Amino acid sequence: MSFTSETKTMLCRITHAKECCKRAQLYGMLLFCNVFESSKIKYVTEHSDSAELFCRLVFDVYSAECNHYVTEKKQSGQKSYKMTLNLVDARRIYSDLTTKNSDINREIFVCKNCREAFLRGAFIASGVILNPHKTYHLEVRTDSVDIAEELCALCAECNINVKISNRQNSFFVYAKKSEEIETFLAFIGANKAAFKLMDAKIVSDIRNNINRVGNCEMANLDKTICAAQEQISAIEKLKSAGKLANLGENIVYTAALRTENPEMSVGDLAKIHVPEVSKSCVVHRLSKIISLSKEL
Ligand SMILES: [Zn+2]
């Protein structure tokens, strides 16, 4: 599951006690969905929890039923959920939520939690967040530059710093700094995702520090990473000398797992082996790699 889906699943589970917040979240989902017009409402997603949430909110807030279609891609088996509303309901919902005065109707925000519910809805409908272990990037897409600008202003009022970019006729309200992404996620209730991001940042900070100092002194901060760095360099050394493959399938497998998971403790590394092996077995294999690399 992608980091975006994981985060959205988490967000879809948040329930609202207040009617105003339900309406604000639905408004966020509608304003950032595929079509939100007085004559047509269409919400398309590949995320099943988000499809379910959309139908539930439409029913709870407006007692309206969504027309629901599911299609499946032949090759990947990826399902896509499409929801539409009949003309009468679309008109009723559109006129209840929109105003001529602005692109984001702030009259919808009644209580102090309505803004967070709205932003959560917007993110669920058209947000993307990349895996923080690879890169920091969060964005919410819209076709309207006016909505993008108002969303930016709204975020600023909530102390969330975001910017706007555009590509292929779409506008993206985005954050690229880990602190900004963290603030956004925590504000909309994705605390677990925010924590993951902080973890990723700590690991990469430690790695950067180790690289900067150029030796393992800094690794008193984190012995795991220091040891892993040593193991990975040994693996690389054996590999480039063409000697790794000679060590047998088991050691090659452990070496590959270590290279893919530099931040993992030896205990955790043992657990992800299939079949699982003991910690001492992993220690033995890694020590063998290190001692052989020293002979080169
Ligand atoms: Zn509210």
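**Pockets, zinc and strands in a predicted model**

User: How does the lining of the second largest pocket split by class?
Analyst: That lining has eight nonpolar, eight polar and three charged residues. Ala, Val, Leu, Ile, Met, Phe, Trp, Tyr, Cys and Pro count as nonpolar, Asp, Glu, Lys and Arg as charged, and the others, Gly among them, as polar. This is a predicted model, where local features need pLDDT of at least 70, side-chain atom pairs count only at pLDDT 80 or more, and totals for chains, interfaces and linings use all residues. Residues are numbered from 1 along each chain as its sequence is written, and side-chain values use heavy atoms, with hydrogens and water left out.

User: What counts as a pocket here?
Analyst: A pocket is an open set of points on a 1 Å grid over the protein atoms alone, where a 1.4 Å probe fits and protein lies on both sides within 12 Å along at least five of seven lines. Lining residues have an atom within 4 Å of a point.

User: How much space is in the second largest pocket?
Analyst: About 350 Å³. Points are joined across faces, edges and corners, and the volume is the space filled by probe spheres set on them. The second largest pocket is lined by 19 residues, with Leu31, Phe36, Thr142, Ser144 and Ile147 closest to its centre. Two or more lining residues come from each of α2 (19-31), β1 (35-36) and β6 (138-142). Helices (H or I, at least four residues) and strands (E, at least two) are DSSP runs, numbered from the N terminus.

User: Switching to the metal. What coordinates the zinc ion?
Analyst: Four SG atoms, from Cys20, Cys21, Cys111 and Cys114, at 2.3 to 2.4 Å. Donors are N, O and S atoms within 2.8 Å of the metal (3.2 Å for Na, K and Ca), and water is not among the atoms, so sites may look incomplete.

User: Why is the arrangement around the zinc ion called tetrahedral?
Analyst: Because the four donor atoms subtend angles of 96 to 118 degrees. Four donors count as tetrahedral if all angles lie between 85 and 135 degrees. For reference, ideal angles for four tetrahedral donors are 109.5 degrees.

User: How are the donors of the zinc ion spaced along the chain?
Analyst: They follow C-C-x89-C-x2-C. Distant parts of the chain are linked here: Cys20 sits in helix α2 and Cys111 in the loop between α4 (87-97) and α5, 91 residues apart.

User: Are Cys20 and Cys111 buried or exposed?
Analyst: Both Cys20 and Cys111 are buried. Buried means under 20% relative accessible area, exposed over 50%, and partly exposed in between (1.4 Å probe, protein chains only).

User: OK, sheets. In what order do the four strands of the open sheet run?
Analyst: β1-β2-β4-β3, with antiparallel pairing. β1 and β3 (67-72) are at the edges with a single partner strand each, so one side of each has no neighbour in the sheet. Two strands pair if DSSP finds at least two bridges between them. β2 and β4 (residues 79-84) pair over four bridges, and Val44 has Lys82 in β4 as its bridge partner.

User: How many residues sit between β7 and β8 in their hairpin?
Analyst: Two residues, and Gln168 in the turn has a positive phi of about 45 degrees. β7 (residues 163-167) and β8 (residues 170-175) pair antiparallel over five bridges. Gln168 counts as exposed because its relative accessibility is 75%. Most residues other than glycine have a negative phi.

User: Which other non-glycine residue has a positive phi, near 65 degrees?
Analyst: Asn159. You'll find Asn159 in the loop between α6 (145-157) and β7, and at 65% relative accessibility Asn159 counts as exposed.

User: Last one: which residues does the cis peptide bond join?
Analyst: Val274 and Pro275, with omega about -5 degrees. Pro275 is in the loop between α11 (266-271) and α12 (279-295).

Notes. Four donors count as tetrahedral if all angles lie between 85 and 135 degrees; four count as square planar and six as octahedral if opposite donors are over 155 degrees apart and all others between 65 and 115; anything else is irregular.
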